Amino acid sequence: MGKLRRAVMWTALLLIILLAVLSAYGAFLGAERAERFFNSIPLTLYWLVLTALLVAGMVLFRRLTRVPGLLLVHLGCILVLAGGIWGSEAVCGLRERLFGISRIRKGQMAIFEGTSERRVMLPEGDQSAELPFQVALKDFRMEYYKPAHLLIQTREGQSWRIPAEIGKEFILDEQLGSVEIIRSFENFKIKEEDGKNVYYDDPLPGYNPALEVQIDPPDDEVRTRFVFELFPGHAHPEDEFSLLYLRVISDYVSELQIIQDNKVVAEKDIEVNHPLYYGGYHFYQHSYDNRAGEYTVLMVVSSTGLNLVYAGYLMLSIGVLWHFWLRHLLGAIELRRAKGQTAQHNGD
Amino acid sequence: MRKAKLRSTMEIKYTIQGLLIYLSIAVYLLAFLAAILGGRKAGRFLHALGSAVAALSFGYRWHHVRHVPLQNLFEVFLCLGMLSYPISRFCRRVLRVGGEHGDMLIGAVVLLPAGFVFSAEPQRLPPALQCWLFTPHVAVYALSYIFMAKATFQAVAQLAGKPASSGEDIVPAELGTYRIVCAGFPLLTLGLILGSWWGKLAWGDYWGWDPKELWSLASWLVYLGYLHFRYMFGKRHARINSLWVVAGMATIVITLFWVNLSRLFAGLHSYAT
């Protein structure tokens, strides 16, 4: 191996080891600080050197261009790095300063039901930017796994987890008696009518899920209790056990529309794992109004550099599969075929 | 979507699920005993049987939770337990790599946390895990981890100076290590890429600098470094080659255990406890 090629090889090895160590170090920083660390000036230089080294390696080592698997793997790595650098905060800022190309790299937008918004809150403190189109929220909803559950726990550590099915009686044991779920509420409210408390499910915007539970102890009167999902751990002193209303969210859905020039140009019901893509941006279900469910919070992410990264991933995947598996598999099949033909020939 | 509390105490599972796990462990250990006492055929048969029982356990869990059981550490280790024999057989027949005894132990060892430590409480899939990429991402990683665990056993055998098994067409430990890493490395790469793709779909970032992602990257880089080092020096520094692989396994153990279980590394993968 020539001196230059040996130097490139050693540098590559050292850079790989360095990145492994930095990755381990970055893991201790937490995601936010690690992102700042890996986008700092010294690490930006590292990424550029790594990319340049990969290119140099492909020039100096002909094997990397002649062997298909190795070509794909190394080219794939170059594309992934190039895509990451192109979409980085530093390069985005550079594009804005040099060419006046202003683009929101990442941010969040909160939209109330029935309204539209174009303002995006940026990660840097209280700065915001505007999209060139409106994003409207028709409806936001949360979907739950069915059935919900009622968790019953005694002071002695016994517990039962029963499906929250209306009208079904569940016998705990001889000492504790039974429980029955009478009603469920999405937005529990109390009002007074004729001097009495009336419990109802308020159809107006709001979010206070609850269960009405009837407890029937063996040696006492039937008691009614209300269990609130948002206020767990509540127990009456006279009760032998505490009750907990458990619902597991199965999905968050935001019905979005993109409005440009007063026309709806795109619409989609977005969920986690199913974002909306429009105008070079992805819109993700990020958070929501956990008090009344009236607004959604979207994560807005620019797609700059993404195609390069995905192309790099594809090449890297095909490259490793080809180089480490498929070429050997095809070679073995070819060898078997040749042996078979030779045996046949000898037999003839 | 964040942390579930981990019950870190040892406990025996008096359930059908637990019974299947303990049976698999027992059969794997019997296989190991039979093999070291010279009963090679009996050992292989019991190894296959242990894997079949572990697969039954995995299938039982799948039926019970009604989704592919790869959501938390209990389920992942259940999956790892059933992969021991298929991967061992593949390595023996295709790669000509020995070390079956170690594979039987791997099968038993990975089932121990599932049987005694991790909670088997079924959990509904949170929205973030309802993605078609969830299964291939975790499954591919599980496969790669078993390959790399076997490679580590070979590496340790090389460091201990253990000769290759006689009477069979088995390669020396150093070459065996290399072959297994070559088999497992594409899976490790795919796991990383599929996870990145899923991250983009779910959270908007193909790379979020999450501790799990960084440790996964570190694992991948250690094996990448091994492949480059071995290309440069071949078998001249066999012991260093083996140490690379052992270091890779250490990063995998950290990625799998420490990141998920330690409060030191809060991140998106905390739900996997």
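## A tryptophan between two helices

B:Trp209 sits in the loop between α6 and α7 (211-233) of chain B; helices (H or I, at least four residues) and strands (E, at least two) are DSSP runs, numbered from the N terminus. B:Trp209 is not a glycine, yet its phi is positive, at about 60 degrees. Is this tryptophan buried or exposed? With a relative accessibility of 12%, B:Trp209 counts as buried; that word stands for under 20% relative accessible area, while exposed is over 50% and partly exposed lies in between (1.4 Å probe, protein chains only).

Before we go on, please keep in mind that this is a predicted model, in which local features need pLDDT of at least 70 and side-chain atom pairs count only at pLDDT 80 or more, whereas totals for chains, interfaces and linings use all residues. Residues are numbered from 1 along each chain as its sequence is written, chains are lettered from A and ligands numbered from 1 in the order in which they are written, and side-chain values use heavy atoms, with hydrogens and water left out.

## Backbone details in chain A

Chain A has a non-glycine residue with a positive phi too: A:Asn273, at about 80 degrees. You will find A:Asn273 in the loop between β14 (263-270) and β15 (276-278) of chain A. Its relative accessible area is 4%, so A:Asn273 is buried.

Another spot to look at is the peptide bond between A:Lys146 and A:Pro147, which is cis, with omega at about -5 degrees. A:Pro147 belongs to the loop between β3 (128-144) and β4 (149-154) of chain A.

## A four-stranded sheet

In chain A, four strands make an open, antiparallel sheet in the order β6-β7-β10-β11. β6 and β11 (223-228) form the edges; each has a single partner strand, so one side of each has no neighbour in the sheet. From one strand to the next, the twist averages 30 degrees (axes are lines fitted to C-alpha atoms, for helices over the stretch in contact, and angles run from 0 to 180 degrees between N-to-C directions).

Now walk across the strands. β6 (residues 169-173) and β7 (residues 177-185) of chain A are antiparallel partners over four bridges; two strands pair if DSSP finds at least two bridges between them. A hairpin of three residues connects β6(A) to β7(A), and A:Asp173 has A:Gly177 in β7(A) as its bridge partner. On to β10 (residues 210-216) of chain A, which pairs with β7(A) in the antiparallel sense over seven bridges.

## Salt bridges

How many salt bridges does the structure hold over all chains? There are 21, each a side-chain nitrogen of Lys or Arg within 4 Å of a carboxyl oxygen of Asp or Glu. In chain A, a network of salt bridges links A:Asp139, A:Arg141, A:Glu143 and A:Glu255.

B:Glu75 and B:Arg61 meet at 2.9 Å, N to O. This pair links distant parts of the chain, 14 residues apart, with B:Glu75 in helix α3 (residues 73-93) and B:Arg61 in helix α2 (residues 40-65) of chain B. B:Glu75 is buried at 0% relative accessible area, and B:Arg61 is buried at 1%. B:Glu174 and B:Arg230 form a salt bridge at 2.8 Å, N to O. B:Glu174 is in helix α6 and B:Arg230 in helix α7 of chain B, so the pair ties together parts 56 residues apart in sequence. Both B:Glu174 and B:Arg230 are buried.

B:Arg96 and B:Asp169 meet at 3.5 Å, N to O. B:Arg96 is partly exposed at 33% relative accessibility, whereas B:Asp169 is exposed at 54%.

## A buried lysine without a salt bridge

B:Lys200, in helix α6 (residues 173-203) of chain B, is buried yet has no salt bridge. The nearest side chain of opposite charge is that of B:Asp205, 5.9 Å away (Lys and Arg count as positive and Asp and Glu as negative; His and the chain ends are not counted).

What does the side chain of B:Lys200 reach at 3.1 Å? It reaches the backbone oxygen of B:Gly204. Leaving aside neighbours within four places in sequence, B:Lys200 is in contact (heavy atoms within 4.5 Å) with residues including A:His282, A:Tyr284, A:Tyr310 and B:Tyr206.

Methods
A polar contact is a pair of N or O atoms within 3.5 Å; within protein, one must be able to donate a hydrogen and the other to accept it, and residues adjacent in sequence count only if both atoms are side-chain atoms.
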